[in-house]
Amino acid sequence: MNNEHLAAYLNDHLAGSVAAVELLEHLENAHAGTEMARLFAAVLADIEADRQELKGLMDRLHISESRPRKATAWLAGKMTELKLRLEDRAGGPLRLLEGVEAVALGIEGKLALWQALNAAAEVAPALRGVDYERLAQRARDQRERLEGVRLQAAEAALRTVP
C-alpha cells in the first residue's frame with residue numbers, strides 16, 4: 001500500500017468534509033426555525049460523525065491531517081457561499097438548490113470513499129476493521145434525505161414564466 005497516496009486520498013476527503021460542514025451551517029442558518037433547518041442540522045451531525053470515523057482511521061494509520069488542504073477546503077466553502085449569494089441575492093430557491101446540490105455531490109464523494117476503502121481493504125489489512133458498508137449506507141441515507149429538498153428547490157428555481 002502506498003502510504004503517500006492513501007494519506008493524500010484520506011486528507012482530500014477530510015478536507016471535503018470541511019467544505020460540506022461550512023455549507024450545511026450556512027443552509028441551516030439561512031432556514032433557521034424551519035423543518036428544513038432541522039434536516040440540515042441532522043445531516044450535519046451525521047457528517048460530523050463520518051468525519052470522526054475518518055479521523056479515527058487516519059489516527060490508526062498514523063496519517064496526520066493536512067492543514068493546507070483543510071484551509072483550502074474552508075476557503076472553497078466560503079467561496080461557494082459567496083457564489084450562491086451573488087447568484088440569488090434574495091436567498092431564494094436557486095441558492096437553496098445549488099447549496100443542497102453541492103452538499104449532495106460531496107456526499108456522493110464520501111460514498112465513493114467508503115466503497116473504495118472497502119475494496120482496498122481486501123488487499124490492505126491495515127484498512128480492515130472499519131464497517132465501510134454501514135458508513136456507505138449512512139451516506140446513501142444522507143443523500144436520500146436531501147433529495148426531496150433538492151427537487152422542490154429545483155421546481156421553484158427552474159420554472160419558466162410563459
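Biologist: What covers the buried residues of helix 3?
Modeller: This is a predicted model. In it, the buried residues of helix 3 include Ala73, Gly77, Glu81 and Leu84. The cover over the buried residues of this helix includes helix 1 (3–30) and helix 4 (93–121).

Biologist: How wide an arc do those buried residues cover around the axis of helix 3?
Modeller: The residues concerned are Ala73, Gly77, Glu81 and Leu84, which are buried in helix 3. They sit on the same side of the helix, because the arc they cover around its axis is only 85 degrees.

Biologist: Which exposed residues does the face of helix 3 turned away from its buried side carry?
Modeller: Exposed here means a relative accessible area over 50%. On the face of helix 3 turned away from the buried side, the exposed residues are Arg67, Pro68 and Thr72.

Biologist: How far apart are the end C-alpha atoms of helix 3, and what should its residues span?
Modeller: Helix 3 runs over residues 67–87, which makes 21 residues. At 1.5 Å a residue they should span 30 Å. The end C-alpha atoms agree with that, being apart by 30 Å.

Biologist: Which residue caps the N-terminal end of helix 3?
Modeller: The backbone nitrogen of Arg69 has a side-chain oxygen 3.3 Å from it. That oxygen belongs to the residue capping the N-terminal end of helix 3, Ser66.

Biologist: Where is Glu87, and which residues does it touch beyond four places in sequence?
Modeller: Glu87 has its place in helix 3. Its relative accessible area is 42%, so Glu87 counts as partly exposed. Its C-alpha atom is separated by 19 Å from that of Glu28, 59 residues apart along the chain. Not counting residues up to four places away in sequence, Glu87 touches Leu94 and Glu98.

Biologist: Which element gives the largest share of the largest nonpolar core?
Modeller: The largest nonpolar core has 39 residues, and those with the most contacts inside it are Leu10, Phe40, Trp114, Leu117, Leu127 and Leu146. Two or more residues each come from helix 1, helix 2 (35–60), helix 4 and helix 5 (132–158). The largest share, ten residues, is that of helix 4.

Biologist: Which residues does Trp114 touch, leaving out those up to four places away in sequence?
Modeller: Trp114 is one of the residues with the most contacts inside the largest nonpolar core. Beyond four places in sequence, Trp114 touches Asp50, Glu53, Leu54, Tyr132, Leu135 and Ala136.

Biologist: Is Val43 buried or exposed?
Modeller: Val43 is found in helix 2. Leaving out residues up to four places away in sequence, Val43 touches Leu24, Ile107, Gln142, Arg145 and Leu146. With a relative accessible area of 0%, Val43 is buried.

Biologist: Is Gln142 buried or exposed?
Modeller: Gln142 is found in helix 5. Its contacts, neighbours within four places in sequence left aside, are Val43, Asp46, Ile47, Asp50, Ile107 and Lys110. The cut-off for buried is under 20% relative accessible area. At 0%, Gln142 counts as buried.

Biologist: Lys110 forms a salt bridge with Asp50; how far apart in sequence are the parts that this pair ties together?
Modeller: The closest N and O atoms of Lys110 and Asp50 are 2.5 Å apart. Both Lys110 and Asp50 are buried. Lys110 lies in helix 4 and Asp50 in helix 2, so the separation in sequence is 60 residues.

Biologist: What separates Glu48 and Arg51 along helix 2?
Modeller: The side chains of Glu48 and Arg51 meet in a salt bridge, 3.5 Å from N to O. Glu48 is partly exposed at 29% relative accessible area, and Arg51 counts as buried at 12%. They are three residues apart in helix 2, so what separates them is about one helical turn.

Biologist: Which residue does Glu65 meet in a salt bridge?
Modeller: Glu65 counts as partly exposed at 34% relative accessibility. The distance from N to O in this salt bridge is 2.8 Å. The partner is partly exposed with a relative accessible area of 23%, and is Lys70.

Biologist: Which residues do salt bridges that share partners join into one network?
Modeller: The count of salt bridges comes to 14. Those that share partners join into one network Glu101, Glu108, Arg143, Glu147 and Arg150.

Note on methods: Residues numbered from 1 in each chain as written. Predicted model: local features only at pLDDT ≥ 70, side-chain atom pairs only at ≥ 80, totals over all residues. Heavy atoms only, no water. Expected span 1.5 Å × (residues − 1). Buried < 20%, exposed > 50% of the residue type's maximum accessible area, 1.4 Å probe, protein only. Arc of directions from axis to C-beta. Contact = heavy atoms within 4.5 Å. Polar contact = N/O pair within 3.5 Å; in protein donor to acceptor, adjacent residues only side chain to side chain. Core = buried A, V, L, I, M, F, W, Y, C linked by side-chain atoms within 4.5 Å. Salt bridge = Lys/Arg side-chain N within 4 Å of Asp/Glu carboxyl O.
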